[in-house]
Amino acid sequence: MSTTQQPANIPPRKRLFVTLMGFTCLIVVAIIFLAWWIPNRGLANIHPDLPRIVGIIMVVLSGIAILGTGLLVLTTALGKDIFLTRFMRLVVIKFLLPVIELVGRIIGLDKDRIRQSFIAMNNSLVMSQRMTVKPDRILVLLPHCIQLSDCEIKVTGDVHKCLQCGRCSIKGLVDVGSKYSVDISVATGGTLARKVIVEKKPKLVLAVACERDLTSGIKDCYPLPVIGILNERPFGPCFNTVVDVSKIDHALSQVLEAI
Ligand code: SF4
């Protein structure tokens with residue numbers, strides 16, 4: 001697939017991941033071809049049919065790489081579970097992301113731009129699965145830095161302790177949680193986030209965090225589907241961060257609508 005031809009309805013953030021995916025696919029095909037071509041003459045010395053047999057295997061492998069990339073692009077563009085979406089999520093998270101991060105580093109792309117693009121691609125694949133999730137099987141996971149630093153109440157452990165003063169995003173998030181009857185937890189780090197997930201056993205997680213934490217969270221939680229929503233950091237990282245509550249509302253309404 002060409003790296004420049006993108007379906008028109010793929011949003012810009014996902015487009016970067018799709019472009020890098022196409023580029024990575026070309027590299028994989030080139031490596032497969034070189035792996036066949038370089039030892040080709042030596043293979044003929046072992047058996048005259050060997051270059052042809054190995055060539056067929058290499059063509060099949062290249063075809064799988066090209067078809068897989070095409071299917072991923074189509075799934076993302078159409079937002080439908082066409083074929084093996086869960087498996088494709090595995091390929092994206094476990095194989096493509098590290099390769100794409102390496103390619104991005106080599107060509108000098110900003111790490112966070114790649115992560116934003118990965119999160120958008122992951123969200124698209126999760127939504128494509130059109131899961132049926134009951135409200136009590138959804139967990140909204142928030143970072144503690146979303147709470148105002150000088151708030152006297154500590155909402156870690158129980159978000160409903162919030163006094164609803166409205167000085168930080170917690171108020172809006174508690175309102176959305178009540179609106180959809182979904183569980184909300186505030187975690188002070190990755191270890192606590194994992195503990196909450198193990199305890200609550202959700203079927204789907206809607207996580208708010210920065211690019212780095214969302215990317216590692218999505219990787220660590222697989223096969224549990226995670227929808228990632230980026231926080232905003234007007235005062236720098238990990239301090240009085242903010243989230244657009246309407247994005248959480250929209251994501252929840254989409255997931256719950258699928259029931
Ligand atoms: S909205 Fe809740 S958590 Fe935020 S500052 Fe007010 S009382 Fe504290």
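Biologist: Does Pro135 count as buried, exposed or partly exposed?

Modeller: A word first: this is a predicted model, in which local features need pLDDT of at least 70 and side-chain atom pairs count only at pLDDT 80 or more, while totals for chains, interfaces and linings use all residues. Residues are numbered from 1 along each chain as its sequence is written. A residue is buried if 20 or more other C-beta atoms, placed from the backbone, lie within 10 Å of its own, exposed if 12 or fewer, and partly exposed in between. Pro135 has 15 C-beta neighbours inside 10 Å, so it counts as partly exposed.

Biologist: Where does Pro135 lie, and which residues does Pro135 touch beyond those up to four places away in sequence?

Modeller: Helices (H or I, at least four residues) and strands (E, at least two) are DSSP runs, numbered from the N terminus. Pro135 sits in the loop that links α5 and β1. Two residues are in contact if their C-beta atoms, placed from the backbone, lie within 7 Å. By that rule, and leaving out residues up to four places away, the partners of Pro135 are Tyr180, Ser181, Val182 and Leu256.

Biologist: How many helices and strands are there in the protein?

Modeller: From the N terminus on, the elements run α-α-α-α-α-β-α-β-α-β-α-β-α. That makes nine helices and four strands.

Biologist: Which element gives the largest share of the side of domain 1 that touches domain 2?

Modeller: The domain bounds come from an automatic or database domain assignment, which gives domain 1 (12-128) and domain 2 (135-257). Here 11 residues of domain 1 are in contact with 12 residues of domain 2. On the domain 1 side, α4 (85-106) and α5 each supply at least two residues. The largest share, nine residues, comes from α5.

Biologist: Is strand β2 largely enclosed or open, and which residue in β2 does Leu142 stand opposite?

Modeller: Four of the five residues of β2 (residues 183-187) are buried, so this strand is largely enclosed by the rest of the structure. Two strands pair if DSSP finds at least two bridges between them; five bridges join β1 (residues 138-143) to β2, and the two run parallel. Within β2, the residue opposite Leu142 is Val186.

Biologist: Which residues are closest to the ligand?

Modeller: A residue is near a molecule if its C-beta atom, placed from the backbone, lies within 6 Å of it. The ligand is surrounded by 14 residues. The closest are Cys151, Cys162, Cys165, Cys168 and Ile170.
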